[in-house]
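Dear colleague,

I am passing the structure below on to you, and would be glad if you kept it open while reading.

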Amino acid sequence: MSTSERAGRLGIGIIGAGRVGPVLGAALAAAGHAITGITAVSNDSFDRAEAMLPGVPILDVPTVVERSELVILAVPDSELESLVAGLAATGTWQPGQLVLHTAPGFGTSVLAPAMQAGAIPLAVHPALAFTGTSIDLYRLREAFCAVTAPAPVLPIGQALVVEMGAEPVVISEGSRAAYAEALATATTFSTAIIGQAMRILGEIGVEVPGAVLTPLVRSAVENALASEELAHRDMLADEVDRSVNSDRARDRYNTLNDPATDGPSPRNGDEE
């Protein structure tokens with residue numbers, strides 16, 4: 001694969017036709033990349049692949065990897081490590097090939113077997129609850145994607161996120177587990193609480209509990225996020241103030257004790 005080819009359009013293969021893979025493929029196709037193939041194992045995944053990526057061939061895993069300059073691994077977290085290792089064991093990974101996984105809790109270390117074969121690792125996770133439909137393409141435009149990669153290739157991961165329509169945020173290798181925990185906390189808690197609220201409204205005869213709760217939940221979440229953002233800005237402002245005051249005090253001390261400025265005024269017992 002030449003440098004000029006990588007700088008331009010990529011041949012992208014997708015392993016996994018769950019809710020994430022086809023959507024990312026469609027977003028990158030819209031940016032001008034060519035989707036070389038996608039894997040699918042169930043009727044639902046076949047239907048999803050055909051709906052989101054019409055005309056893209058459905059292939060087996062080795063063929064997708066062999067045909068692609070960028071391989072997107074959009075598989076369950078529990079399957080990722082064995083998949084990468086298995087493809088390495090069969091010599092399927094190619095030197096210079098970009099390999100991107102979408103698991104929130106893993107950085108690039110899980111791609112070590114592919115890296116040993118010369119592949120270039122990227123870990124990109126969109127912070128979005130996917131539906132696997134075209135609505136996700138619009139939601140991506142307001143979403144952030146966690147990007148983890150070795151420093152020399154980090155710009156590649158960030159550029160791919162921008163081409164998807166999202167905003168990249170860099171997460172270090174050692175912080176991926178905490179990142180995943182934060183997202184799981186937010187999604188699990190909100191799903192459980194909203195489900196409970198809808199059941200209660202249904203029990204008292206509200207016919208459309210979802211419609212009743214939607215504006216309330218949306219506004220409550222927006223208010224909570226805005227409040228947290230304001231608190232964060234205030235904290236940063238306090239830190240800046242303390243830093244500035246500390247710098248001013250240090251500069252004043254240095255000025256007073258600098259012989260070139262005659263130093264401080266003599267005190268009792270000091271020699272003139």
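A pocket here is found on a 1 Å grid over the protein atoms alone, as an open set of points where a 1.4 Å probe fits, with protein on both sides within 12 Å along at least five of seven lines, and its lining residues have an atom within 4 Å of a point. Points are joined across faces, edges and corners, and a volume is the space filled by probe spheres set on them. This is a predicted model, in which local features need pLDDT of at least 70 and side-chain atom pairs count only at pLDDT 80 or more, while totals for chains, interfaces and linings use all residues. Residues are numbered from 1 along each chain as its sequence is written, and side-chain values use heavy atoms, with hydrogens and water left out.

The largest pocket holds about 2,000 Å³ of space. Its lining has 47 residues, and Ala127, Leu128, Ala129, Ala186 and Thr187 lie nearest the centre. Strand E5 (120-126), strand E6 (144-148), helix H9 (176-203) and helix H10 (209-256) are the elements that give two or more residues to this lining, where helices (H or I, at least four residues) and strands (E, at least two) are DSSP runs numbered from the N terminus. H9 gives the most, with 13 residues.

The second largest pocket has about 250 Å³ of space, and of the 17 residues that line it, Gly16, Ala17, Val41, Pro76 and Glu79 are the closest to its centre. Helix H3 (43-52) gives the most to that lining, with three residues.

Eight of the ten residues of H2 (residues 21-30) are buried, which means under 20% relative accessible area with a 1.4 Å probe and protein chains only.

In helix H8 (residues 154-164), Leu154, Gly157, Leu160, Val161 and Met164 are buried. These residues lie on the same side of H8, because they cover an arc of only 130° around the axis, taken from the directions from the helix axis to the C-beta atoms. Just after H8, Gly165 takes a positive phi of about 100°.

With best wishes

Definitions and conventions: Buried < 20%, exposed > 50% of the residue type's maximum accessible area, 1.4 Å probe, protein only.
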